[in-house]
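Me: I would like to go through this model by question and answer. Please give the cut-offs of each term where it comes up.

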Amino acid sequence: MSEKTEMMVDMVKNLAALLTERYSNMTMEEALATVFNSDTYRKVMDSRTHFYHQSPHYVFAFLEEELAKGKFE
């Protein structure tokens, strides 16, 4: 696995972990599903955005904004 791919995977794991911390009733499976179905996930996986280089808390702010606005597919 390339370093970039590892960083992307780590970001997804960190976002899911932050979701379970923030929402104590959310399971890890639900958190991962939330991340995978988000626009934030697409940005993390798009190497042109360099989201995977950012702090997990910084990227989590984008995910929280999506949750607040209900912008999920």
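Me: In which helix does Met8 lie?
Reply: This is a predicted model, in which local features need pLDDT of at least 70 and side-chain atom pairs count only at pLDDT 80 or more, while totals for chains, interfaces and linings use all residues. Residues are numbered from 1 along each chain as its sequence is written, and side-chain values use heavy atoms, with hydrogens and water left out. Helices are DSSP runs of H or I with at least four residues, strands are runs of E with at least two, and both are numbered from the N terminus. Met8 lies in helix α1.

Me: Is Met8 buried or exposed?
Reply: Buried means under 20% relative accessible area, exposed over 50%, and partly exposed in between, with a 1.4 Å probe and protein chains only. The relative accessible area of Met8 is 7%, so the residue is buried.

Me: Which residues is Met8 in contact with, leaving aside its neighbours within four places in sequence?
Reply: Contact means heavy atoms within 4.5 Å. Met8 and Val44 are 36 residues apart along the chain, and their C-alpha atoms are separated by 6.3 Å. With neighbours within four places in sequence left aside, the contacts of Met8 are Val44, Met45, Ser47 and Tyr52.

Me: What distance separates the end C-alpha atoms of helix α1?
Reply: The expected span of a helix is 1.5 Å times one less than its number of residues. Helix α1 covers residues 3–22, and its 20 residues should span 28 Å. The end C-alpha atoms agree with this, being apart by 28 Å.

Me: Within what arc do the buried residues of α1 fall?
Reply: The buried residues of α1 are Met8, Met11, Val12, Leu15, Ala16, Leu18 and Leu19. Viewed down the axis of α1, they line one face of the helix, because they fall within an arc of 160 degrees. The arc is taken over the directions from the helix axis to the C-beta atoms. On the other side of α1, the exposed residues are Glu3 and Glu21, and the arc of the buried ones is 160 degrees.

Me: Which helices do the buried residues of α1 pack against?
Reply: Leu15, one of the buried residues of α1, has 1% relative accessibility and so counts as buried. Not counting residues up to four places away in sequence, Leu15 touches Val35, Thr40, Val44, Pro56, Val59, Phe60 and Leu63. The buried residues of α1 pack against α2 (28–36), α3 (39–45) and α4 (56–69).

Me: How are α1 and α4 oriented to each other?
Reply: Axes are lines fitted to C-alpha atoms, for helices over the stretch in contact, and angles run from 0 to 180 degrees between N-to-C directions. For α1 and α4 the packing angle is about 60 degrees, with the axes 10 Å apart. Angles under 35 degrees count as roughly parallel, over 145 as roughly antiparallel, 65 to 115 as roughly perpendicular and the rest as oblique. The two helices α1 and α4 are therefore oblique.

Me: What is the handedness of the crossing of α1 and α2?
Reply: The axes of α1 and α2 are 8 Å apart and the helices pack at an angle of about 125 degrees. A crossing is left-handed if the near helix is turned anticlockwise from the far one by less than a right angle, and right-handed if clockwise. The crossing of α1 and α2 is right-handed.

Me: What arc do the buried residues of α4 cover?
Reply: In α4 the buried residues are Val59, Phe60, Leu63 and Glu66. The arc they cover around the axis puts them on the same side of α4, and its value is only 110 degrees.

Me: Which residues of α4 are exposed on the other side?
Reply: The buried residues of α4 are covered by elements including α1, α2 and α3. On the other side of α4, the exposed residues are His57, Ala68 and Lys69.

Me: What is the phi of His50?
Reply: His50 is located in the loop between α3 and α4. With a relative accessible area of 40%, His50 is partly exposed. Although His50 is not a glycine, its phi is positive, at about 60 degrees.
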